[in-house]
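Biologist: I would like to learn how to read a few features of a structure. Could we begin with the pairing of charged side chains?

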Amino acid sequence: MNKAAVEAAKIKSVMEEPWVYLATGRDLEHLGKEDEIIYNQATWQMHKLALYVQMFHLFRANEMEGDYYEFGCHRARTFRMALTEARRHNLENMRFFPFDSFAGLPDLETPEETRHSLYTPAALCTTEEEFHLMIQEHSIYVDRCRTIKGFYKDSLTKDLQGELLTQGSRIGIVNIDC
């Protein structure tokens, strides 16, 4: 992890009390774009993980049942968090359904004034094969993952709904990140 990200997580004693370390001008003097990206990803991922810990704890503590559905699975980060937390909470019956095009973003033909430089056609692409490799390497509940490939307008059909209902799938937790 980069120095800025490590510094962000430090607790510092100030007046004999624990305080979160706040970077100074000297600390950030040579901060570049790559440092900013690493810092943002590290801190953002910590917040997401905290959310998943709470979400799965509440799911288990309230004796809920159902499967995990995720819409938008680039790099399988939150999907792997879900697998980990489901295992930590011994959710032995939960199944996992990642929905994604596995081809990146579609071409939405948005007006120039509303476009975002990061959201271009094919951006945020993790292929289905790459996704499966990440899940296999993670090695938690691999046999309970079923990818649903395609852009939602094509893949979210009544037939799929019927098939999942016939298999007894109920949504227990859903992440919509698209």
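Modeller: A salt bridge is counted when a side-chain nitrogen of Lys or Arg lies within 4 Å of a carboxyl oxygen of Asp or Glu. Side chains of opposite charge can pair when their charged atoms come close. Note that this model is predicted.

Biologist: How many salt bridges does the structure hold?

Modeller: The structure holds eight salt bridges. One of them pairs Arg 144 with Glu 92, and their closest N and O atoms are 3.4 Å apart.

Biologist: Which parts does the pair of Arg 144 and Glu 92 tie together?

Modeller: Arg 144 sits in the loop between helix 5 and strand 5, and Glu 92 in the loop between helix 4 and strand 4, so the pair ties together parts 52 residues apart in sequence.

Biologist: Next, how should I read helix packing?

Modeller: Two packed helices are described by the angle between their axes and the distance between the axes. Take helix 4 (residues 77-88) and helix 5 (residues 128-138): they pack at an angle of about 30 degrees, and their axes are 11 Å apart. Angles under 35 degrees count as roughly parallel, so helix 4 is roughly parallel to helix 5. The crossing of helix 4 with helix 5 is right-handed.

Biologist: Which residues of helix 4 and helix 5 meet?

Modeller: From helix 4, Phe 79, Arg 80, Leu 83 and Thr 84 meet Phe 131, Met 134, Ile 135 and His 138 of helix 5. By class, this contact has five nonpolar, two polar and one charged residues.

Biologist: At what angle do helix 3 and helix 4 pack?

Modeller: Helix 3 (residues 33-61) packs with helix 4 at about 35 degrees, the axes being 10 Å apart. This crossing, too, is right-handed. The residues of the contact divide into seven nonpolar, three polar and three charged. Among them are Leu 49, Tyr 52 and Phe 56 in helix 3, and Met 81 and Ala 82 in helix 4.

Biologist: Last, the sheet. In what order do its strands lie?

Modeller: Strands of a sheet pair through backbone hydrogen bonds, either parallel or antiparallel. Here an open sheet of four strands has the order 5-4-3-6, with parallel pairing. Two bridges join strand 5 to strand 4 (residues 96-100). The bridge partner of Phe 99 in strand 5 is Ile 148.

Notes:
Residues are numbered from 1 along each chain as its sequence is written. This is a predicted model: local features need pLDDT of at least 70, side-chain atom pairs count only at pLDDT 80 or more; totals for chains, interfaces and linings use all residues. Side-chain values use heavy atoms; hydrogens and water are left out. Two strands pair if DSSP finds at least two bridges between them. Axes are lines fitted to C-alpha atoms, for helices over the stretch in contact, and angles run from 0 to 180 degrees between N-to-C directions. Angles under 35 degrees count as roughly parallel, over 145 as roughly antiparallel, 65 to 115 as roughly perpendicular and the rest as oblique. A crossing is left-handed if the near helix is turned anticlockwise from the far one by less than a right angle, and right-handed if clockwise. Contact means heavy atoms within 4.5 Å. Ala, Val, Leu, Ile, Met, Phe, Trp, Tyr, Cys and Pro count as nonpolar, Asp, Glu, Lys and Arg as charged, and the others, Gly among them, as polar.
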